[in-house]
Amino acid sequence: MLRIDGHHLPRSLCNIPPLFIDFTSSTWLFSFPPPNPVFKMIILKFPLLIQEQIYKSMDIEDKLALSFCSKRTKESIKIFKFDVKEVVFSFKEKHIGIQFNNKNEFIFPLDPGASFICSYEENKNRVYEFNFARKEKGLEFYLELHNHIIDLFSKSTNWKLTVSMEEINCYRQLPSVRSAKLINVRDKIITDFVSCNPDLTKLSIVGDQNIYFTKMGLINIRNVEFIVTKRGFTQYLQYFRATNAVFFSSGDRIEVALFIRDWFNNVYSENLRFVRILQTRTYERFPNNLLYGYEMKEWDQSRMPKKFPFSKEDQEELHLNEELFSCDGAKYFEGPNGKLASIRFDSKQFLFYVWDKQDVFASKEDL
C-alpha cells in the first residue's frame with residue numbers, strides 16, 4: 001500500500017518511480033522528486049492530448065477513484081472515450097460492489113461515512129482506501145454511484161450494465177439493465193425483476209432452494225443460465241419462455257428422454273432454440289447409448305449447414321465457444337410445426353438445437 005500526503009496512489013501510477021502526486025489541493029499535481037520538489041505541474045493545465053494519454057494509461061478503477069477528487073477532475077476525465085465493456089453492480093447484505101470489465105472490484109460499505117476499498121484480484125493484498133463525502137446515505141448512495149459512473153463514462157458507448165443480487169432488500173431499481181445474476185431468490189422475485197427490466201437480454205439464476213415455479217414468463221429474455229443442483233433441468237424448461245438456455249445441473253438418460261418427448265409434444269415454448277446441459281457432479285456422465293431407441297438420422301454436411309446459426313452477442317453472454325455450434329457428428333430428427341432438432345453430446349454435456357426445417361435442407365425435395 002502506497003500513501004503520499006495522506007492519500008493512496010492508484011495502482012497504475014505506482015509504477016512511475018520518479019513521479020509522485022500531490023493531493024494538497026483539489027487539483028491533481030505532479031512533482032519531481034519528493035520530498036523537496038523543484039517544480040509542480042497542474043495536470044488540468046496540460047493540453048488535452050497529454051491529459052488523454054495520462055488517463056488512458058490508468059486502469060478503469062483508477063479513473064473512477066480520480067473522479068471523486070473534485071468536480072473539475074471528473075469533468076476532465078469524462079470528455080474522453082475509454083474501453084468500458086461492462087459494469088457490474090453487486091448487492092450484498094452490507095456493501096455494494098462495482099466491477100469493471102470483469103476485473104477488479106470496488107467495495108462500497110452501506111454504512112454512511114465509511115470509505116470504499118478497491119480489491120485487486122491478481123494480488124488480494126494490494127488494496128487502497130479512499131475517503132470521500134457522500135451526498136446520499138444507505139441504499140440511496142447506490143443510485144448516486146450509478147449516476148456518477150453513467151456520467152463519467154458517457155463517451156464510452158454500448159457498454160453493458162449488469163446487476164448481481166444476493167440480498168433483495170439491498171436492491172434499488174436501475175434503468176437499462178441488460179444482464180443480471182440473481183442468487184438464492186424466490187421465483188416471484190425473479191418474475192417481478194424481469195418484468196421491471198425490459199432491456200434484459202441475459203439472466204443467471206443461481207441456487208434452487210427457494211424456486212418453486214408454477215408459471216414463470218421469461219418471454220422477452222434471449223439468454224438464461226441456470227446454476228442449480230437439486231432439481232432436474234426439465235422442471236425449469238416447462239416454464240421457460242426464453243430462447244437459449246444453459247444449465248449447470250445434473251441430468252440422466254431418463255430426464256433426457258422426458259425432455260425429447262415433451263419437445264415432440266409441444267410442451268416447451270416455441271421460442272426455444274438452444275439448450276445446453278453441463279453435468280456439474282464429477283461422478284455423473286451421459287452414457288454412450290444416451291440416444292438408443294430413437295429413430296435419428298446422421299447430419300449430412302454436404303447438403304446441410306455446417307454450423308448452427310448463433311449470434312456473437314449470444315455467444316459472449318453465455319460464454320460459449322464456436323466449437324459448440326459445429327454440426328460435425330450431429331444426429332437429427334424431425335419435430336412438430338415444421339421444426340427439426342439436432343443433438344450432439346459427450347460424457348459431460350448435452351447440446352440440443354432447434355431449426356426451422358426449411359433452413360436446413362438445400363433443396364425442396366428434401367422437405
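Tutor: β6 and β7 form a hairpin, with 3 residues between the two strands. The model is a predicted one, in which local features need pLDDT of at least 70 and side-chain atom pairs count only at pLDDT 80 or more, while totals for chains, interfaces and linings use all residues. Residues are numbered from 1 along each chain as its sequence is written, and side-chain values use heavy atoms, with hydrogens and water left out. Strands (E, at least two residues) and helices (H or I, at least four) are DSSP runs, numbered from the N terminus.

Start with the partners of β6. Two strands pair if DSSP finds at least two bridges between them. Strand β7 covers residues 95-100, runs antiparallel to β6 and is joined to β6 by 5 bridges. Within this pairing, Ser-90 stands opposite Gly-97 of β7. β6 also pairs with β11, in the parallel sense and over 6 bridges. There, Val-88 has Thr-162 of β11 as its bridge partner.

Is β6 covered or exposed? Of its 6 residues, 6 are buried, where buried means under 20% relative accessible area, exposed means over 50%, and partly exposed is in between (1.4 Å probe, protein chains only). Glu-86, Val-88 and Ser-90 point one way from the strand, and Val-87, Phe-89 and Phe-91 point the other way.

Glu-86 has a charged partner in β11. Lys-160 forms a salt bridge with Glu-86, and the closest N and O atoms are 4.0 Å apart; a salt bridge is a side-chain nitrogen of Lys or Arg within 4 Å of a carboxyl oxygen of Asp or Glu. Lys-160 lies in β11 and Glu-86 in β6, so the pair ties together parts that are 74 residues apart in sequence. Both Lys-160 and Glu-86 are buried. The whole structure has 14 salt bridges. Another of them joins Lys-331 to Glu-298, at 2.3 Å from N to O. Lys-331 is in strand β18 (residues 331-334) and Glu-298 in strand β17 (residues 297-298), 33 residues apart. Lys-331 is partly exposed, at 29% relative accessible area. Lys-74, Glu-75, Lys-78 and Asp-151 are linked in a salt-bridge network.

A pair of aromatic rings is described by the distance of the centres and the angle of the planes. Rings of Phe, Tyr and Trp (its six-membered ring) pair if their centres lie within 6.5 Å, and planes under 30 degrees apart count as stacked, over 60 as edge-to-face and the rest as tilted. This rule gives 29 aromatic pairs. In one of them, the centres of Phe-82 and Phe-153 are 6.5 Å apart and the planes stand at 90°, so the pair is edge-to-face. Phe-82 is in the loop between α3 (71-78) and β6 (86-91), and Phe-153 is in the loop between α4 (140-152) and β11 (160-165), so the pair ties together parts 71 residues apart in sequence. Phe-82 and Phe-153 are both buried. The charged end of Lys-63 also sits over the ring of Phe-82, 4.5 Å from its centre; this requires NZ of Lys or CZ of Arg within 6 Å of the ring centre and within 35 degrees of the ring normal.

Ile-98 and Phe-100 are among the residues with the most contacts inside the largest nonpolar core, which has 75 residues. A nonpolar core is a set of buried Ala, Val, Leu, Ile, Met, Phe, Trp, Tyr and Cys residues joined through side-chain atoms within 4.5 Å. α4 gives the most to this core, with 5 residues. Neighbours within four places in sequence aside, Leu-237 is in contact (heavy atoms within 4.5 Å) with Ala-245, Phe-247, Phe-259, Tyr-268, Leu-272 and Val-275. A second, separate core has 19 residues, including Phe-274 and Leu-320.
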